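Here are some notes for a colleague who is opening this structure for the first time. Please read them with the sequence and the model side by side.

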Amino acid sequence: MKYIPYGRQSISQEDIDAVVDVLKSDWLTTGPSVKNFEKAIADYCGAQFSVAVNSATSALHIACLALGVAPGDYVWTSANTFAASANCALYCGAQVDFIDINLDTYNISVMALEEKLEVAEKEDKLPKVVIPVHFAGQSCDMRAIKKLADKYHFYIIEDASHAIGGKYLDKPIGCCEFSDITIFSFHPVKIVTTGEGGMALTNSAKLSQKMQLLRAHGITDNKNLISQSEGPWYYEQIELGFNYRITDLQCALGISQMKRLDQFVERRHELAAQYNMLLADLPVITPYRSSDSYSALHLYPIMLDENCSKARRDVFESLRAANIGVNVHYIPVYRLPYYQCLGFQQGHCPNAEAYYDKAISLPLYTSLSDTNQKYVVNILISSLCS
Ligand SMILES: *Cc1c(COP(=O)(O)O)cnc(C)c1O
């Protein structure tokens, strides 16, 4: 059996042609494709503004900076996420803390968030920004989180790296109804890809302008922003920005991929439904679906349940030995050595740890064939039941 990864891109001839067209054009970077890609995603999501960058990590960084995150501030995110959701706050010199998850959705627990906010208020350590992560593509309880944001005055950045193409309360994730900024990732394992790439969406003209500046060195020739003009060549640097630009080549791929986004997510749903059926009698917990959201299904994480006599490690290794690229999403971020050195202790988020101890992400991607999916299931069955 050829290697079956846990996730991978799906590239069509149309995608290839779109990139080749840009190679033959006048613009390799910051040309019309960047604007068109930004517009395609903003239109799809129903957000007013979008800023395309070279990764979701960069998008998280400039989102934090645009919201004013600085030394002395606190930023909170889910314990069950990729390190980038927390690193962005450290880049700004802020302190990070982690919120525990629900054991059904594996998203941040609103109850845990509320309790933590009550304590933080007493200690005068309320967060400036909370970054909910739509784990595996399923939205967090954004309505409840927004209510807490209004009460405790924090900003919200949705880390929707897993979630483009998903919906919450029948609206596309990315519309920013319950947040200040939403970010997406276009890494090849995610739902749509640009190779590397990310985007920040917002309904605030001010935040959008700030993020556009930060993406390109903080330099502008916009007459509304510069203090004077010494001539037609004149520009000013008014922020300490970065080179976080994405290329036209990448955006052409992104535009082409967006045409198939709904198809991609539908196929993921089809495969997930098949997994649900095929795994129904096994000692595993399949992903929970919350009724208020339509998941983009970036991942299909299962948990070994209490009836399972096998160790997660043995099951995982059997799958890997059969050339199946299963993975674990995620090691709680604060358990990574860099974060341990910041003083985080084991047991900080018990649910995230309990989930981590039993989790395995099975392969799920658009081009996964039914045959290969059945192969994965058969190996899983034999490893659980042997
Ligand atoms: C992939 C991912 C990121 C980072 O995305 P890049 O585009 O690779 O920078 C951030 N947060 C989460 C939850 C992710 O899964």
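**Notes on the predicted model**

1. Leu 364 is a buried residue, because its relative accessible area is 0% and buried means under 20%. Leu 364 sits in the loop that runs between strand E17 (359-362) and helix H13 (370-385). Between Leu 364 and Leu 213 there are 37 Å from C-alpha to C-alpha, and the two are 151 residues apart in sequence.

2. Lys 206 belongs to helix H7, which covers residues 205-215. Is Lys 206 buried or exposed? Lys 206 counts as exposed, because its relative accessibility is 71% and the cut-off for exposed is over 50%.

3. Leu 28 is placed in the loop between helix H1 (13-23) and helix H2 (32-45). With a relative accessibility of 43%, Leu 28 counts as partly exposed, because that class lies between the limits of under 20% for buried and over 50% for exposed. Leu 28 also contributes to a nonpolar surface patch of about 410 Å², whose other members are Ile 11, Ile 16, Val 20 and Leu 23.

4. The ligand deserves a separate look. Which residues are closest to the ligand? Of the 15 residues that surround the ligand, the closest are Thr 57, Asp 159, His 162, Ser 185 and Lys 190. By class, the shell around the ligand is made of 5 nonpolar, 8 polar and 2 charged residues.

5. In the side chain of Asp 159, an N or O atom is 2.8 Å from a nitrogen atom of the ligand, while a polar side-chain atom of Ser 161 lies 3.3 Å from a nitrogen atom of the ligand. For Tyr 330, a polar side-chain atom lies 3.2 Å from an oxygen atom of the ligand. The ligand taken alone exposes 390 Å², and the protein buries 92% of that area. Helix H3 (56-66) and helix H4 (84-91) are the elements that give two or more residues to the shell around the ligand.

Note on methods. Residues are numbered from 1 along each chain as its sequence is written. This is a predicted model: local features need pLDDT of at least 70, side-chain atom pairs count only at pLDDT 80 or more; totals for chains, interfaces and linings use all residues. Side-chain values use heavy atoms; hydrogens and water are left out. Patches are made of residues with over 30% relative accessible area and no salt bridge: like charges are joined within 9 Å, nonpolar side chains (Val, Leu, Ile, Met, Phe, Trp, Tyr) within 5 Å. Accessible areas come from the Shrake-Rupley method with a 1.4 Å probe; for residues, only the protein chains shown count as cover. A salt bridge is a side-chain nitrogen of Lys or Arg within 4 Å of a carboxyl oxygen of Asp or Glu. Helices (H or I, at least four residues) and strands (E, at least two) are DSSP runs, numbered from the N terminus. Buried means under 20% relative accessible area, exposed over 50%, partly exposed in between (1.4 Å probe, protein chains only). A residue is near a molecule or strand if one of its heavy atoms lies within 4 Å of it. A polar contact is a pair of N or O atoms within 3.5 Å; within protein, one must be able to donate a hydrogen and the other to accept it, and residues adjacent in sequence count only if both atoms are side-chain atoms. Ala, Val, Leu, Ile, Met, Phe, Trp, Tyr, Cys and Pro count as nonpolar, Asp, Glu, Lys and Arg as charged, and the others, Gly among them, as polar.
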